[in-house]
Amino acid sequence: MIIDAILKINSNAKCSVSGSDIDTCEITWHDGTTPISKEDIKAMIPTVEQELKDAEQAAIDKKASGK
């Protein structure tokens, strides 16, 4: 989820994340990627979560409609 939020902010970001909690994780930025603040990432997580829910619901709806 953290990586998804980072990529939503900067689709070209190169980083690695250790941990799954935004407040305690360690983010390592690679290849000169400008760091994104944890506050900005945290603000983007609800958007990413909603997009995942919407995609899951679309798949359910598509299956239910037989398409």
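Analyst: Ready. Keep in mind that this is a predicted model.

User: Where is Thr-33 found?

Analyst: Strand S2 covers 26-29, and helix H2 covers 38-65. Thr-33 is found in the loop between S2 and H2.

User: Is Thr-33 buried or exposed?

Analyst: The cut-off for buried is under 20% relative accessible area. Thr-33 has 13% relative accessibility, so Thr-33 counts as buried.

User: Which backbone nitrogen lies 3.0 Å from a polar atom of the Thr-33 side chain?

Analyst: Leaving aside neighbours within four places in sequence, Thr-33 is in contact with Asn-10, Asn-12, Ala-13 and Lys-14. One of these supplies the backbone nitrogen at 3.0 Å: Lys-14.

User: Which residues does Ala-13 touch, not counting those up to four places away in sequence?

Analyst: Ala-13 is itself part of the largest nonpolar core. With residues up to four places away not counted, Ala-13 touches Ile-6, Leu-7, Trp-29 and Thr-33.

User: How many residues make up that largest nonpolar core?

Analyst: In soluble globular proteins, nonpolar side chains tend to be buried together. Here the largest nonpolar core includes Cys-15, Ile-22, Cys-25, Ile-27 and Ile-36. H1 and H2 each supply at least two of its residues. The total is 12.

User: Why do the buried residues of H1 lie on the same side of that helix?

Analyst: The buried residues in H1 are Ile-2, Ala-5 and Ile-6. An α-helix has 3.6 residues a turn, so residues three or four places apart point the same way.

User: What C-alpha distance separates Val-48 from Ile-2?

Analyst: Val-48 lies in helix H2. Its relative accessibility is 5%, so Val-48 counts as buried. In sequence, Val-48 and Ile-2 are 46 residues apart. In space, C-alpha to C-alpha, they are 9.1 Å apart.

User: How far apart are the end C-alpha atoms of H2?

Analyst: H2 has 28 residues. At 1.5 Å a residue, H2 should therefore span 40 Å. The model agrees, with end C-alpha atoms apart by 40 Å.

User: At which residue does the kink in H2 lie?

Analyst: H2 contains a proline, Pro-46. The kink is about 30° and comes shortly before that proline. The residue is Met-44.

User: Which residue takes a positive phi just after H2?

Analyst: H2 covers 38-65. Just after H2, a positive phi of about 80° is taken by Gly-66.

How values were computed:
Residues numbered from 1 in each chain as written. Predicted model: local features only at pLDDT ≥ 70, side-chain atom pairs only at ≥ 80, totals over all residues. Heavy atoms only, no water. Helix = DSSP H or I, 4+ residues; strand = E, 2+ residues; numbered from the N terminus. Buried < 20%, exposed > 50% of the residue type's maximum accessible area, 1.4 Å probe, protein only. Polar contact = N/O pair within 3.5 Å; in protein donor to acceptor, adjacent residues only side chain to side chain. Contact = heavy atoms within 4.5 Å. Expected span 1.5 Å × (residues − 1). Bend = angle between axes of the 7 residues up to and from the residue. Core = buried A, V, L, I, M, F, W, Y, C linked by side-chain atoms within 4.5 Å.
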